[in-house]
Amino acid sequence: MKTTPDARNFSPAAYAELIAAIRARGYEVRGFFDADPNQRHLIVRHDVDFSLGAAVAMAEQEARLGVASTYFVLLRTEFYNPLSGEGLAALQSIAGWGHTIGLHFDAALYPAERVESAVAEECNVLEAAIGRPITVMSFHRPARPLIGSADHVAGRVNAYGGRFVREMGYCSDSRGSWRHGSPLEHPAIGEKRALQLLIHPFWWTEPSLPPEERLRGFLSERAAFLERELAKHCLVHKAGS
């Protein structure tokens, strides 16, 4: 009988097994505002890098599992548009299942002295779009000095603040693999301390595929989506198709 999740199998079923296995070790899912570094508290966080559709699917699954997590959304990205009709519908669905929407912020797009004000500006735009306050943020592909930095940026909780990556354990599925070992093997679990678990929904969709194959499939799906949008909105394309 399988008792622990297969870290190589990134799928919805494997995700459910992972959450169940962490809970079986006495962990309780908490948010950024009420997690105690010295308790068996689990913060579940999602950085939405490529696909809002994958985020919606994971948010729905988590609602069935009784998990309330935080979804960090990029405002400036070439991969999706959170302000489009489809994008806003996705964010409303995620929030409607009881999850928190946060800002995923790309500091590389701004000079260092502008980061604080730019975070505030992007949060204001996202708040106006979804009609909800943005109280948490995370950096996208943060430079090393940003990891373990201030616990708050522009008045919002920083998921990479020292409280959440140093006082607590931190484990990520970055690049579609457990680069530093399975969460169940993390020292924080053995020490019964809090753990922040960063899951990118993109890697956990069906079917379970190696990262490169998943990326190629995403490119094909995106091309098909743009083809459909062109057909709906461009008469020239309709005439030539």
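**Exercise 1. Describe the lining of the largest pocket in this predicted model by residue class, then locate the pocket.**

*Solution.* Start with the classes: 13 nonpolar, nine polar and nine charged residues make up the lining of the largest pocket. Next, take its size, which is a volume of about 1000 Å³. Now look towards the centre: among the 31 lining residues, Arg-141, Pro-142, Tyr-160, Ser-174 and Arg-179 are the closest to it. Finally, ask which element gives the largest share of the lining; strand E8 (residues 169–172) does, with four residues.

**Exercise 2. Decide whether His-46 is buried or exposed, and list what surrounds His-46.**

*Solution.* First, find His-46 in strand E2 (residues 41–48). Its relative accessibility is 0%, and the cut-off for buried is under 20%, so His-46 counts as buried. Then check the side chain: that of His-46 makes a polar contact with the side chain of Ser-69, at 3.3 Å. To complete the picture, leave out residues up to four places away in sequence; His-46 then touches Tyr-15, Met-58, Glu-62, Ser-69, Thr-70, Tyr-71, Phe-72, Leu-198, Ile-199 and Pro-201.

**Exercise 3. Find which residues of the largest nonpolar core touch the most other members, and follow the contacts of Leu-42.**

*Solution.* Begin with the 56 residues of this core: Leu-42, Ile-101, Leu-103, Phe-105, Val-119, Leu-197 and Trp-204 touch the most other members. Now pick Leu-42 and set aside its neighbours within four places in sequence; its contacts are Ile-19, Ile-22, Tyr-27, Glu-28, Val-29, Arg-30, Leu-195 and Leu-197.

Notes: Residues are numbered from 1 along each chain as its sequence is written. This is a predicted model: local features need pLDDT of at least 70, side-chain atom pairs count only at pLDDT 80 or more; totals for chains, interfaces and linings use all residues. Side-chain values use heavy atoms; hydrogens and water are left out. On a 1 Å grid over the protein atoms alone, a cavity is a set of points where a 1.4 Å probe fits but cannot get out, and a pocket is an open set with protein on both sides within 12 Å along at least five of seven lines; lining residues have an atom within 4 Å of a point. Grid points are joined across faces, edges and corners, and a volume is the space filled by probe spheres set on the points. Helices (H or I, at least four residues) and strands (E, at least two) are DSSP runs, numbered from the N terminus. Ala, Val, Leu, Ile, Met, Phe, Trp, Tyr, Cys and Pro count as nonpolar, Asp, Glu, Lys and Arg as charged, and the others, Gly among them, as polar. A nonpolar core is a set of buried Ala, Val, Leu, Ile, Met, Phe, Trp, Tyr and Cys residues joined through side-chain atoms within 4.5 Å. Buried means under 20% relative accessible area, exposed over 50%, partly exposed in between (1.4 Å probe, protein chains only). Contact means heavy atoms within 4.5 Å. A polar contact is a pair of N or O atoms within 3.5 Å; within protein, one must be able to donate a hydrogen and the other to accept it, and residues adjacent in sequence count only if both atoms are side-chain atoms.
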